[in-house]
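Visitor: I'd like a close look at one part of this model. Could you walk me through the place where the two chains meet, and what sits around it?

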Amino acid sequence: MLSTLLKEPLFQITVTMVVYALINRLYKRSHFFMFNPLLLATVIIIYILKYTNTDYAVYSKGGDMITFLLGPATVALGVPLYKQIPAIRSNLKSILAGVITGSVTALVSTLWFAKALGVSRETLLSIAAKSTTMPIALGITKILGGNDKLIVLAVAVTGIFGGVIGAEVMKLARVKSKIAVGIGIGTAAHAGGTSRAIQLGETEGSMSGAAIVLTGLTTALIAPYLVKWLV
Amino acid sequence: MAKIPEKKGIKILEGFVIILLMQSLGTFLSNYFKLILPGNLTGLLLLFLVLLFRVVKLEQVEGAANLLLDNMMALFIPLNVGLVTILPKLKQEWLAIMISLLASTIIVMVVTAKVVELVEGGRRNAKYPS
């Protein structure tokens, strides 16, 4: 009885959601970056699967139903983009200049570094979109032909990096303009960076947020061409 | 009193339907016209456009959109768990991947911010002296 229940998609979905809800609560209370709900929940679920002897193929029957919701979640990004119109308008030139340069720089630098370090072709395609917000990165990576699991990890890691070092990097680089700090962090490290930018100040936060979806769209438009040329 | 949450639930359902419609239409357009944008991104732009041209009101979709966006990390867990399927490859390349991600993130931040300061400097020199 129990072993058949363990193989039900219902069980996999329930376990995933329960673990996420618990850790999310922990994270919201502490805001400690090690309690990152995605990464910690992933580790715990991998252990649960190991302990219950469940194959990933079995888990993903339930998992795929959760993954399906990423489509609507991507479309839902149209709402923050709409709400950011005033913020984008207020600094249109700066945001566009920053987002376009940043998107190109992100693709080129990631690919150059990874190539120089001898990373395989499939991995290159799977981390190229790492500076875009996760659902958009997933869409871009599918078009590039990369691995959907690896890009999720790469985007999460980039967000954590951006959140942890963003403010210090800007200080070291002597960036004085709050607008530039915000756009820089948001373009490089999407929502992970933005959560730190919000703590720096209102201007930094709103500029960082405004850069997220625009960076995703810009990268989606240029990535297929740039990657063909660089990989 | 009991009516308020009920209305909220219907709003979220309605919003979800609008989002699904935009996704379907976006996917159709991307496939049919072989657009470079993936269907979901075309759907994102369509949702943005119907909001911009007031075909759909913000409060019609806001609830559903926030529900999806606020809990988006939960939706990525199954894919992330799938990393176990590429573990051998990760063991081999993780350091190179981490270094590339970190180095690129720093470079993108600095280059982007400097470009923004240049653009701003040209526009209002007095406020942001180089």
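Guide: Here is a tour of the contact between the chains, followed by the parts around it. Keep in mind that this is a predicted model.

Let's begin with the contact itself. On one side, 86 residues of chain A take part, and they meet 64 residues of chain B. Which helix of chain A gives the most to that side? That's helix α11 of chain A, residues 148-172, which puts in 13 residues. Sort the chain A side by class and you get 52 nonpolar residues, 27 polar ones and seven charged ones.

You'll find A:V119 in the loop between α8 and α9 (121-127) of chain A. Is A:V119 buried or exposed? The cut-off for buried is 20 or more other C-beta atoms within 10 Å, and A:V119 has 21 C-beta neighbours inside that distance, so A:V119 counts as buried. Setting aside its neighbours within four places in sequence, A:V119 touches A:A114 and A:L124 in its own chain, and B:E93, B:A96 and B:I97 across in chain B.

Now step back along chain A from that loop. Helix α8 of chain A covers residues 92-116, which makes 25 residues. From first C-alpha to last, helix α8 of chain A reaches 36 Å, close to the 36 Å expected at 1.5 Å a residue. Just after α8(A), A:G118 takes a positive phi of about 80°.

Over in chain B, have a look at B:G121, which lies in helix α5 of chain B, residues 87-123. B:G121 has 15 other C-beta atoms within 10 Å, so this glycine is partly exposed. Between B:G121 and B:L37 there are 34 Å in space, C-alpha to C-alpha, and 84 residues in sequence.

Back in chain A, there's a helix pair to look at. The axes of helix α12 (residues 178-200) and helix α13 (residues 202-230) of chain A come within 6 Å and cross at roughly 75°. α12(A) and α13(A) are therefore roughly perpendicular to each other. Their contact has 12 nonpolar, 12 polar and two charged residues.

The domain assignment gives domain 1 as 2-68 and domain 2 as 78-230. Their centres, taken over C-alpha atoms, are 27 Å apart. Four residues from domain 1 of chain A and four from domain 2 of chain A make up the contact between them. On the domain 1 side, three of the residues are nonpolar, one is polar and none is charged.

Notes. Residues numbered from 1 in each chain as written. Chains lettered and ligands numbered in written order. Predicted model: local features only at pLDDT ≥ 70, side-chain atom pairs only at ≥ 80, totals over all residues. Domains from an automatic or database assignment. Contact = placed C-beta atoms within 7 Å. Nonpolar A, V, L, I, M, F, W, Y, C, P; charged D, E, K, R; others polar. Helix = DSSP H or I, 4+ residues; strand = E, 2+ residues; numbered from the N terminus. Expected span 1.5 Å × (residues − 1). Axes fitted to C-alpha atoms, helices over the stretch in contact; angles between N-to-C directions. Parallel < 35°, antiparallel > 145°, perpendicular 65-115°, else oblique. Buried ≥ 20, exposed ≤ 12 C-beta atoms within 10 Å, placed from the backbone.
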